[in-house]
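Here are my notes on the model you sent.

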Amino acid sequence: MTEILLTLTQLPLFPLDTVLFPGGHLSLKVFEVRYLDMVRRCHEAGAPFGVVSLRHGSEVMRPGAADEQLEPIGTLAHIASLVKEQPGLLSLQCAGAQRFRIDRQSRLKHGLWVADVTLLADDAQVPVPIDLSAVAQALQQVRAKLQLRPGGAQDYGDADAQYDDCAWVSNRWCELLPLPAATRQRLMSLDNPLLRLELVADFLAKAGIGTSAP
């Protein structure tokens with residue numbers, strides 16, 4: 001049903017200075033006019049919008065500024081909750097779903113970006129190999145510590161954890177590691193989840209994070 005919807009209508013986009021990974025969580029404060037109506041409509045219809053990382057430009061539209069430049073690969077964001085904090089300010093909790101490729105994009109008069117997109121296949125289910133098992137174990141330990149922090153239960157609970165899956169483990173590490181947005185974008189865009197996990201393991205080793213299997 002989602003594929004039919006996206007084929008027949010343009011997907012509204014939300015350009016950000018971050019990267020949303022499938023299975024990830026995203027908190028947003030929405031106050032710009034170009035997004036307020038869009039997120040309300042998406043919430044009412046139960047439809048996603050697209051989160052894309054900015055290659056150049058600012059998250060907030062400024063008079064006279066050049067158009068934002070968007071990365072070609074983004075992620076569908078489903079609104080899990082929407083709260084009106086005050087007039088003109090919405091607080092959103094979103095969940096990352098399927099990745100997409102922008103085929104054609106345009107900017108409407110009030111500044112909202114919309115695009116014709118092609119949905120990309122979900123990452124293949126690839127078991128974490130033995131030589132990378134320490135990477136998954138380290139992630140589980142880090143998330144257990146983060147879960148103890150105030151508000152950490154929602155984002156770091158293990159109810160849907162998949163510590164034996166290359167894509168899920170690599171995606172969660174990409175969210176936690178202090179990586180530049182451009183690096184996160186390249187990792188998210190990779191179609192090979194094992195390669196993504198191997199690159200994450202390299203980043204962990206360079207950061208001095210112990211990932212040696214016991």
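1. The side of H7 turned away from its buried face carries two exposed residues, Ala205 and Lys206. Keep in mind that this is a predicted model.

2. Which residues of H7 are buried? They are Pro193, Arg196, Leu197, Val200, Ala201 and Leu204. Viewed down the helix axis, the buried residues of H7 fall within an arc of 145°, so they line one face of the helix. Note that an arginine, Arg196, is on the buried list.

3. Length and ends of H7. The helix covers residues 193–206, 14 residues in total. From first C-alpha to last it reaches 20 Å, close to the 20 Å expected at 1.5 Å a residue. At its start, a side-chain oxygen of Asn192 comes to within 3.0 Å of the backbone nitrogen of Leu194. After the helix comes Gly208, with a positive phi near 75°.

4. Strand E2 and its partner. E6 turns up again here. E2 (residues 25–30) runs antiparallel to E6, and 6 bridges join the two. Leu26, Leu28 and Val30 form the covered face. His25, Ser27 and Lys29 form the uncovered one.

5. Met38. Is this residue buried or exposed? Met38 is buried, because its relative accessible area is 6%, under the 20% cut-off. Met38 belongs to helix H2 (residues 33–45). Leaving aside neighbours within four places in sequence, Met38 is in contact with Pro12, Leu13, Phe14, Phe49 and Leu112. Take Leu13: it is 25 residues from Met38 along the chain, yet their C-alpha atoms are separated by 9.3 Å.

6. The whole chain. The protein has 7 helices and 7 strands. Along the sequence the order is α-β-β-α-β-β-β-β-β-α-α-α-α-α. Of its 214 residues, 43% count as buried. Among contacts with a separation of 6 or more, 68% link residues 24 or more positions apart. The exposed surface comes to about 11500 Å², and carbon and sulfur atoms supply 55% of it.

Terms used:
Residues numbered from 1 in each chain as written. Predicted model: local features only at pLDDT ≥ 70, side-chain atom pairs only at ≥ 80, totals over all residues. Heavy atoms only, no water. Helix = DSSP H or I, 4+ residues; strand = E, 2+ residues; numbered from the N terminus. Buried < 20%, exposed > 50% of the residue type's maximum accessible area, 1.4 Å probe, protein only. Contact = heavy atoms within 4.5 Å. Areas by Shrake-Rupley, 256 points an atom, 1.4 Å probe, with all protein chains shown as cover. Expected span 1.5 Å × (residues − 1). Arc of directions from axis to C-beta. Polar contact = N/O pair within 3.5 Å; in protein donor to acceptor, adjacent residues only side chain to side chain. Pairing = 2+ DSSP bridges.
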